[in-house]
Amino acid sequence: MSSIGSGYDLSAGQFSPDGRVFQVEYAIKAVENSGSVIALRGKDGVVFGVEKIITSKLYEEGSNRRVHSIDTHIGAAVAGLLSDARAVINRARDESANYRDTYQVPIPLKSLTERLGKYMHYFTVYGSLRPFGVSILLGTWDETNGPKLMEIDPSGTARGFYGCAVGKGKQNAKTEIEKLDLANMTCKELVKEVAKVIYSVHDEVKDKHFELELSWIGKETGGTHQLVPQDIFNEAKTYAEEALNDSDDEDTDM
């Protein structure tokens, strides 16, 4: 019995006969159609990188960012529908603020992930709602527990990672990330590698223009999530472009 086209994709609250929830799968597909988003966890922090696709030359640089600060001690990067991402980011900020007001301490990343995962899962079990078409990567660092990196997908499932990639270049990015010795790399080293991976997975045929976004949180920033300083950003961008050109030259020689 075929489930596709049989009406089982009309509601997020309904299973197909073979145990699938098509609305959630469609939401995951929306994430896969987004620009690539990467996060790497090193020995002294977490670095986020985003391939923000530019569909018009008239867009203002820096608008519609996909890297955000949830609280001073937690950073995030999102892939998928930008409007859905804003709603999820705002919810995460509310959860963080409520925790701080109640307990007078910053919210731990694990607690935030659990709360946000439950919220996103809520939208997958009722027919009157639809799942969020967004995956969110969350990172933090402190002196006691070191760096932490989590991902929440549209189903509300949360996972911990040393390195994570979502978006259209996910598979190629994961292949490149697996080659890195993440546990022994500093944030400054990871910034270059993140930029390199973003440039290597970018599809120049389908998406000619993109804006690179880089942010980090770790010992280098005193545990505060920040955009990567402009000098380090420029250095990483140059490193990535040179690596891409060297790769193209090798392919030409072959």
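Modeller: Helices (H or I, at least four residues) and strands (E, at least two) are DSSP runs, numbered from the N terminus. This is a predicted model, in which local features need pLDDT of at least 70 and side-chain atom pairs count only at pLDDT 80 or more, whereas totals for chains, interfaces and linings use all residues. Residues are numbered from 1 along each chain as its sequence is written, and side-chain values use heavy atoms, with hydrogens and water left out.

Colleague: Where is H209 found?

Modeller: H209 lies in the loop between α5 and β9 (210-218).

Colleague: Which residues is H209 in contact with, leaving aside its neighbours within four places in sequence?

Modeller: They are I53, I54 and K57, where contact means heavy atoms within 4.5 Å.

Colleague: Turning to α5, which of its residues are buried?

Modeller: The buried residues of α5 include C187, L190, E193 and Y199.

Colleague: How do the axes of α4 and α5 cross?

Modeller: The axes of helix α4 (residues 170-177) and α5 come within 9 Å and cross at roughly 140°; axes are lines fitted to C-alpha atoms, for helices over the stretch in contact, and angles run from 0 to 180 degrees between N-to-C directions.

Colleague: Which residues make that contact?

Modeller: N172, A173 and E176 of α4 meet V197, S200 and V201 of α5.

How values were computed: Buried < 20%, exposed > 50% of the residue type's maximum accessible area, 1.4 Å probe, protein only.
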